[in-house]
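Hi everyone, thanks for coming. Let me put the structure up on the screen, and then we can walk through it together.

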Amino acid sequence: MNREKSQKLFAQALNAIPGGVNSPVRAFRAVGGEPFFAVRAQGARIWDVDDNEYLDYVGTWGPAIHGHANPVIIEAIREAAGRGTSFGIPNPLEVEMAQWIIDAVPSVQKVRLCNSGTEAVMSAIRLARGFTQRDNIIKFEGCYHGHVDSLLVKAGSGALTFGNPDSAGVPNAFVQHTLVVPYNDEAAVRRVMEAHRGKVAGIIIEPVAGNAGVYEPRPGFLEFLRQITSEHDTLLIFDEVMTGFRLARGGAQELYGITPDLSCFGKIIGGGLPVGAFGGRRETMDFLAPLGPVYQAGTLSGNPLAMAAGLASLKLLNRETYKQLESSGEALEKGLREIATLAKVPVTVNRVGSMICAYFTSGSVWNLEDAMRSDRVRFAKFFHGLLEEGIYVAPSQFEAGFISTAHGGVEIDLTLRAIEKVMSKL
Ligand SMILES: *Cc1c(COP(=O)(O)O)cnc(C)c1O
């Protein structure tokens, strides 16, 4: 594929933007090479500046559940834009969006809207701390909760030690209240809760981990978290920025039948525009300013364009949508497994609904440590092979692939044929 114009743009970008990108994973560092520059996208497809066409499994990292440039969503944005882009005073669409989320997610009685998933999580954590008057937060290895200072922590040296910052520029003091434990490890959670009795404000988790590939909670793990948090008057916080409205209308909490205390949303609820939201029980949420002592605000929060796009996107979701996503996901998963077996390439396919990941390892993957056993060199080859075949998957082993309703039988077949070709050469 000729990517001359992309290469030229990337050279310019490298001069003007750190790493040439505005979000690190886009730089292709994990797989080598250079990103392409997109100019348009439609349905399951995306085109670059050199007019190459790709079948897209990144889906703008989750929001594009209806594919790209869905005409209903685009029209909603157009119409909203004609009335003004931001008002700085309440607008009716905010109320409609809040009510929509409340109706879909029973654990949410009130919701506050903001501008990104990062903001949603940051605010939910602040609220949990303010509400419980405790400082410590437990998070899980491999879970990403946006680039919130205190959550940029992966594994400490042990479950009982305080976390070490994962990013320069985060003072140790900012993460000293972040306790990190392995995903799916009940004993570790129990130990940390015991060691910090009466001091843990919240446990935050991606109910399906989607930022280190994809791995599921073991049967009973979320139930265990629900129980231990209740026993300790600790808030259970589900980060559903990725899973919300993707795995079910009521998110992962509906799928697994767990009621968290606080939930965070983003991605799909913005229909491709910047958005975030967090919500929970009335008495917890009323701790937020202007009613309560926990401050939280935003110049563009509840933005009418984002609300219009998000509402249009949410209104397109129904029982049929989720059925279709499940069957497309199933076809892709089954095909991938068969191809890998035939090609004798050790691959573990993890999938929940329309989130999928093929790890290049033979062992099952239930946490970050398992995920790290994948052959990343092999993945990089797989990635570039697919890209040459016009299939764009996330440029890292440790990302989820997203299926949209625009990925029909034709697209899945095309994808599997390309995978077959690439796998045979790995
Ligand atoms: C994407 C994501 C975030 C961060 O959202 P941004 O809008 O990128 O700030 C937080 N949590 C999870 C689980 C996510 O997938």
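Which elements each supply at least two residues of the lining of the largest cavity? They are α11 (319–343), β12 (355–359), α13 (376–388) and α14 (409–423). Before going on, a word on what you are looking at: this is a predicted model, where local features need pLDDT of at least 70 and side-chain atom pairs count only at pLDDT 80 or more, while totals for chains, interfaces and linings use all residues. Residues are numbered from 1 along each chain as its sequence is written, and side-chain values use heavy atoms, with hydrogens and water left out. As for the labels, helices (H or I, at least four residues) and strands (E, at least two) are DSSP runs, numbered from the N terminus.

Back to the cavity. A search of the whole structure turns up one cavity of 30 Å³ or more. The largest cavity has a volume of about 250 Å³, and 18 residues line it, with Ile356, Ala358, Phe382, Val393 and Gly401 nearest its centre. In that lining, 13 residues are nonpolar, four polar and one charged. Here Ala, Val, Leu, Ile, Met, Phe, Trp, Tyr, Cys and Pro count as nonpolar, Asp, Glu, Lys and Arg as charged, and the others, Gly among them, as polar.

On a 1 Å grid over the protein atoms alone, a cavity is a set of points where a 1.4 Å probe fits but cannot get out; a pocket is an open set with protein on both sides within 12 Å along at least five of seven lines, and lining residues have an atom within 4 Å of a point. Grid points are joined across faces, edges and corners, and a volume is the space filled by probe spheres set on the points.

Two or more lining residues come from each of α3 and β4 (110–114). By class, that lining has ten nonpolar, eight polar and two charged residues.

Helix α3 (residues 92–104) takes us on to helix packing. The axes of α3 and helix α10 (residues 304–315) come within 9 Å and cross at roughly 35°. Axes are lines fitted to C-alpha atoms, for helices over the stretch in contact, and angles run from 0 to 180 degrees between N-to-C directions. This crossing is left-handed, a term for the near helix being turned anticlockwise from the far one by less than a right angle, with clockwise being right-handed. On the α3 side the contact includes Met97 and Trp100, and on the α10 side Met307 and Leu311 are among the residues; contact means heavy atoms within 4.5 Å. The contact residues divide into eight nonpolar, one polar and three charged.

Helix α10 also meets helix α2 (residues 71–82), with axes that come within 8 Å and cross at roughly 155°. The two helices are therefore roughly antiparallel (over 145 degrees; under 35 counts as roughly parallel, 65 to 115 as roughly perpendicular and the rest as oblique). α2 passes α10 in a right-handed crossing. Among the residues that meet are Ile73, Ala76 and Ile77 in α2 and Leu305, Ala308 and Ala312 in α10. That contact has eleven nonpolar, one polar and no charged residues.

Last, two backbone details. Most residues other than glycine have a negative phi, and most peptide bonds are trans. Thr60, in the loop between β3 (53–56) and α2, has a positive phi of about 50° although it is not a glycine. The peptide bond from Ala289 to Pro290 is cis, with omega near 10°, and Pro290 sits in the loop between α9 (282–285) and α10.
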